[in-house]
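The tour goes from one selection to the next.

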Amino acid sequence: LESKRYFEDMMWTEENQPELAEKYPNMWVAIYGKKIVGVGKSISEAEAEAKKNTGIDTKEIPVVFIEHGAHIYWDE
């Protein structure tokens, strides 16, 4: 069960999407206490950095892909 802080961090990410897209284009970011605590090209990289920086179980920390620009996805 996610905490109130988890949801607040998710909302903060949405509210700050334009700035995050400029700073972390097409990267995974981990957010804790409305601060970026981990960044990586993969979820596992962002989670590892977040765990190192916070000492907290990464299940308690949202990790979000910061999309920048247009992306096209298709299934063949």
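**Stop 1**

Select T58 first: its relative accessible area is 18%, so T58 is buried, the cut-off being under 20%. Bear in mind that this is a predicted model. T58 sits in the loop between α3 (43-54) and β3 (63-66). Now show its contacts. Setting aside neighbours within four places in sequence, T58 touches E47 and K51.

**Stop 2: the pair on either side**

Colour the two by accessibility. D57 has a relative accessible area of 36% and is therefore partly exposed. K59, at 63%, is exposed.

**Stop 3: helix α1**

How many salt bridges does a search of the whole structure find? The search finds three. Side chains of opposite charge can pair when their charged atoms come close. For another of these pairs, go to helix α1 (residues 4-15), which holds both K4 and E8. K4 forms a salt bridge with E8, and their closest N and O atoms are 3.8 Å apart. The two residues are four apart, about one turn of the helix. Check how open each one is. K4 has 65% relative accessibility, so K4 counts as exposed. E8 has 32%, so E8 counts as partly exposed.

Stay in the helix and select R5 and D9. Here the side chains meet in a salt bridge of 3.0 Å, N to O. D9 and R5 are separated by about one helical turn, because they are four residues apart in helix α1. Is D9 buried or exposed? D9 counts as buried, because its relative accessibility is 1%.

**Stop 4: W28**

Move on to strand β1 (residues 27-31) and select W28, which is found there. W28 counts as partly exposed because its relative accessibility is 22%. Which residues does W28 touch, not counting those up to four places away in sequence? One run to display is G38, V39, G40, K41, S42 and I43, which are among its contacts.

Finish with a distance label from W28 to A48. The two are 20 residues apart in sequence, and 11 Å apart in space, C-alpha to C-alpha.

How values were computed. Residues numbered from 1 in each chain as written. Predicted model: local features only at pLDDT ≥ 70, side-chain atom pairs only at ≥ 80, totals over all residues. Heavy atoms only, no water. Buried < 20%, exposed > 50% of the residue type's maximum accessible area, 1.4 Å probe, protein only. Contact = heavy atoms within 4.5 Å. Salt bridge = Lys/Arg side-chain N within 4 Å of Asp/Glu carboxyl O.
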